[in-house]
Amino acid sequence: SVPLTHTSTVTTSYKTGRVPVGIGKKRMRIVVTGGAGFVGSHLVDKLIKRGDDVIVIDNFFTGRKENVMHHFGNHRFELIRHDVVEPILLEVDQIYHLACPASPVHYKYNPVKTIKTNVMGTLNMLGLAKRIGARFLLTSTSEVYGDPLEHPQKETYWGHVNPIGVRSCYDEGKRTAETLTMDYHRGAGVEVRIARIFNTYGPRMCLDDGRVVSNFVSQAIRRQPMTVYGDGKQTRSFQYVSDLVDGLMALMEGEHIGPFNLGNPGEFTMLELAEVVKEVIDPSATIEFRANTADDPHKRKPDISKAKELLNWEPKVPLREGLPLMVNDFRNRILNEDEGKGN
Ligand code: NAD
Ligand code: UDP
Ligand code: UDP
């Protein structure tokens with residue numbers, strides 16, 4: 001359903017002197033960095049389904065082979081174990097650049113590595129895009145708005161970010177990645193797209209990645225109390241992963257650079273989220289309060305008018321419909337874990 005850009009495919013092919021894959025075949029070669037992760041693997045599924053050739057680059061820091069194993073044996077799919085901090089040579093038409101840990105627990109684990117991934121990793125992928133004339137899409141984040149003083153957040157808001165805090169390896173890293181992206185566009189004519197993604201959930205999230213949805217769902221399934229940090233009155237807006245994948249593809253195929261907020265504007269406090277998880281998974285589930293983490297943004301809600309108008313995109317899956325869609329996957333993996341198979 002998404003229109004393909006034959007022109008750019010052909011141009012790229014002449015530039016690199018390789019056999020064009022796009023001509024008359026409606027097929028492109030696409031790199032997805034971080035494609036073995038949560039969002040990346042769902043994006044890969046949709047690109048493969050559309051008929052494209054997909055190369056995944058992943059160092060498996062937070063990603064898992066299990067997320068893409070169902071494509072092994074498909075000649076249109078290729079998986080490369082590679083760290084984007086190192087340069088790489090490839091010939092492709094489009095680059096979806098997702099490689100970067102997304103959960104606060106993961107990105108704080110080795111903050112210098114997180115910065116290197118965001119800065120050197122993005123630089124390498126932009127260098128690659130420049131050399132081969134590929135279109136480049138950056139998955140930035142709502143964290144670039146920091147602890148926002150404007151609510152809901154529009155793309156025009158410059159943000160309120162602590163540059164020396166424990167989250168800055170991620171949010172300042174992504175802000176630099178946005179800067180690099182725009183400088184390669186302005187300075188080298190690279191075709192770029194920027195998405196600012198708001199909290200996203202769904203099947204294949206890491207079970208214990210510390211994010212609130214995966215924590216609450218795992219805890220409710222394991223019959224442990226759901227851990228609410230702080231007073232639980234802070235808010236977030238939760239987007240189901242298929243909506244995000246649709247938005248990323250609409251952005252890549254469209255005319256507009258962005259940045260675009262991609263998120264579900266439904267806003268919930270953590271206490272309300274716990275209530276929904278209770279309804280969906282286990283009415284007897286309980287909650288337990290814990291100290292909050294440093295620099296935790298008090299509220300977050302996307303203004304998505306720009307994406308609605310220019311990408312003709314808006315999320316379709318509300319939280320109460322999306323949560324049940326991840327429960328089976330979580331139950332199965334928790335069961336495997338309990339049986340000692342791990343995952
Ligand atoms: P994830 O942790 O599941 O996936 C990230 C993937 O990148 C993993 O497969 C990991 O192994 C890989 N990776 C990390 N560092 C790498 C490196 N140096 N070289 C190669 N591969 C590397 O996270 P996700 O939720 O799928 O997020 C994907 C992207 O979307 C990230 O860039 C993240 O910042 C962005 N994002 C996600 C959310 C969300 O709520 N999920 C919100 C905002 C932004
Ligand atoms: N790069 C890469 N693959 C390519 C082209 C470039 O990984 O196909 C890397 C390159 O090693 C460099 C970065 O991208 O570290 C930026 O490349 P660019 O050509 O813009 O800058 P330069 O190499 O001139 O510093
Ligand atoms: N949170 C919580 N309990 C948890 C994990 C997180 O109450 O077990 C809170 C956290 O303090 C934050 C919100 O949930 O206010 C979202 O956290 P998450 O790590 O999912 O994503 P963030 O939006 O902070 O990147």
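How do the residues of the shell around ligand 2 divide into nonpolar, polar and charged? They split into five nonpolar, two polar and two charged. Keep in mind that this is a predicted model.

**Ligand 2**
- The residues around ligand 2 include Pro 87, Ile 88 and Leu 89.
- Leu 123, Asn 124, Gly 127, Leu 128, Lys 130 and Arg 131 are also around ligand 2.

**Ligand 3**
- Ligand 3 has 15 residues around it, and Arg 211, Val 212, Asn 215, Thr 227 and Tyr 229 come nearest.
- By class, that shell holds five nonpolar, seven polar and three charged residues.
- Helix α6 (212-221) and strand β8 (226-229) each put in at least two residues, and β8 has the largest share with three.

**Strand β1 and its partners**
- β1 covers residues 29-33, and five of its five residues are buried.
- To get from β1 to β2, the chain goes through helix α2 (residues 38-50), making a right-handed β-α-β crossover.
- β1 also pairs with β4 (residues 94-97), again in the parallel sense, this time over four bridges.
- On the β4 side, Val 31 has Ile 95 as its bridge partner.

**The largest nonpolar core**
- This core has 78 residues, and Ile 95, Tyr 96, Phe 136, Leu 248 and Val 277 have the most contacts inside it.
- Helix α7 (residues 241-253) gives the most to the core, with eight residues.
- Leaving out residues up to four places away in sequence, Phe 136 touches Ile 95, His 97, Met 125, Leu 126, Ala 129, Thr 181, Val 190, Glu 191 and Val 192.

**Ala 274**
- You'll find Ala 274 in helix α8 (residues 270-281).
- Ala 274 counts as buried because 23 other C-beta atoms lie within 10 Å, and the cut-off for buried is 20 or more.
- Not counting residues up to four places away in sequence, Ala 274 touches Phe 216, Met 226, Val 228 and Ile 287.
- Ala 274 and Val 212 are 62 residues apart in sequence, yet their C-alpha atoms are 9.4 Å apart in space.
- Val 212 is also one of the residues that come nearest to ligand 3.

Notes
Residues numbered from 1 in each chain as written. Chains lettered and ligands numbered in written order. Predicted model: local features only at pLDDT ≥ 70, side-chain atom pairs only at ≥ 80, totals over all residues. Core = buried A, V, L, I, M, F, W, Y, C linked by C-beta atoms within 7 Å. Buried ≥ 20, exposed ≤ 12 C-beta atoms within 10 Å, placed from the backbone. Contact = placed C-beta atoms within 7 Å. Near = placed C-beta within 6 Å. Nonpolar A, V, L, I, M, F, W, Y, C, P; charged D, E, K, R; others polar. Right-handed = clockwise from strand over helix to strand, strands pointing away. Pairing = 2+ DSSP bridges.
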